[in-house]
Amino acid sequence: MKCLFVYNPVSGRGKTGKRLQKIVHALRERYGDVCVAATHAQGDMTRIVRESAPLFDAIVFSGGDGTFNEALQGVCESGCSPELGYIPSGTVNDVAHSLGIPKRLRGALRVIRSGRAVPLDCMKINDRYAMYIVAAGAFTSAPYTTPQSLKKQIGFVAYGIEGIKKNLNFDVFGVTVSDGERSVHADSVFVVLMNGRYVAGIPLNRGSSMADGKIEAALIHQRKNPGFFGKVRAFLALARLFLLGYRVREKQITRFEGSHFEIEAEESVVWNFDGEKGLSGKVTVDVVPGRIRMLVPRHRGV
């Protein structure tokens, strides 16, 4: 079997590049023939994976959630379904947490050597793709606006600092969410659609599956021009959602489940796709069942 290993030399403080020989040796145990490519700029991962997917039986890649999203774009755009392996080396690694892939290199390589390839769902948003989250509103810009240098210095805490700095005002935006059965129009501070279990390192969507053909979504309500106590109330609703999970009972939260969503929003509303800056305004979100063939721990549910 032919395998391509693609890695982001910046992610994980450059540790992957230093361990390249060990990684290639482990990959050869499963695949035999291994080639290596490094990314140098945003978009390289997508391009390399898209061009390589028809040529290789397997593609293994390393990086954070943003890198995973780039690889996902490449696979989906290629029209092919090579076996995928993942070595997490980012700040948060939500996809790896959701799938039970260890962050430590030894554990991740063990999954690649002895794991099972399973079909996983992803989400299609207009003409783009996301693996585990589509979100807009409070704190959702932090993953892609936090300077890389700050991530290297203090890791996950950097997201919190950036989020607080840019989101204390809790901007309110109008949104209409339709799931095929009902349509809800509201002023909101946060909208999230999830295919994974973890968001920002927190098990927000406990008990969910990445292979059930469903998306779980939540909308936090907020009236226009809220006073101080209104902002506090919205913050508490957001905190309860993240601390207690998607199923929490909260008056300011509307929940949805489905496989197709149409969301009307102003062009100023920017969507976060797997921690990366995505599209703005109106989006249509669909589940793409079983599109990704991913190596996961042999006895782990997905």
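Me: How many salt bridges does the count come to?

Reply: The count comes to twelve salt bridges, a salt bridge being a side-chain nitrogen of Lys or Arg within 4 Å of a carboxyl oxygen of Asp or Glu. The general idea is that side chains of opposite charge can pair when their charged atoms come close. This is a predicted model, in which local features need pLDDT of at least 70 and side-chain atom pairs count only at pLDDT 80 or more, while totals for chains, interfaces and linings use all residues. Residues are numbered from 1 along each chain as its sequence is written, and side-chain values use heavy atoms, with hydrogens and water left out.

Me: Which side chain meets Glu83 in a salt bridge, and how many residues apart are the two?

Reply: Glu83 meets Arg30, at 3.2 Å from N to O. The pair links distant parts of the chain, Glu83 lying in strand β4 and Arg30 in helix α2 (residues 20-31), 53 residues apart; helices (H or I, at least four residues) and strands (E, at least two) are DSSP runs numbered from the N terminus. For burial, the cut-offs are under 20% relative accessible area for buried, over 50% for exposed and partly exposed in between, with a 1.4 Å probe and protein chains only. Glu83 is therefore buried at 6%, whereas Arg30 is partly exposed at 26%.

Me: Where do Glu250 and its partner in the salt bridge lie?

Reply: The partner of Glu250 is Arg240, with the closest N and O atoms 2.8 Å apart. Glu250 counts as buried at 10% relative accessibility, and Arg240 as partly exposed at 32%. Elsewhere, salt bridges with shared partners join Arg30, Glu83 and Arg293 into one network.

Me: How should I read strand pairing, and which strands does β5 pair with?

Reply: Two strands pair if DSSP finds at least two bridges between them. Strand β5 (residues 116-125) runs antiparallel to strand β15 (residues 283-296), with nine bridges joining them, and Ala117 has Leu295 as its bridge partner in β15.

Me: Is Asn93 buried or exposed, and what does its side chain reach?

Reply: Asn93, in the loop between β4 (83-88) and α5 (94-99), is buried, because its relative accessibility is 3%. Its side chain reaches the backbone nitrogen of Gly90 at 2.9 Å. Taking contact to mean heavy atoms within 4.5 Å, and leaving aside neighbours within four places in sequence, Asn93 touches residues including Gly63, Asp65, Tyr86 and Lys103.

Me: Which residues form the nonpolar patch on the surface?

Reply: A patch is made of residues with over 30% relative accessible area and no salt bridge, like charges being joined within 9 Å and nonpolar side chains (Val, Leu, Ile, Met, Phe, Trp, Tyr) within 5 Å. Here Phe228, Phe229, Val232, Phe235 and Leu236 form the nonpolar patch, together having about 550 Å² of accessible area, as given by the Shrake-Rupley method with a 1.4 Å probe, where for residues only the protein chains shown count as cover. Phe228, found in helix α10 (residues 228-244), counts as exposed at 61% relative accessibility.

Note on methods:
Polar contact = N/O pair within 3.5 Å; in protein donor to acceptor, adjacent residues only side chain to side chain.
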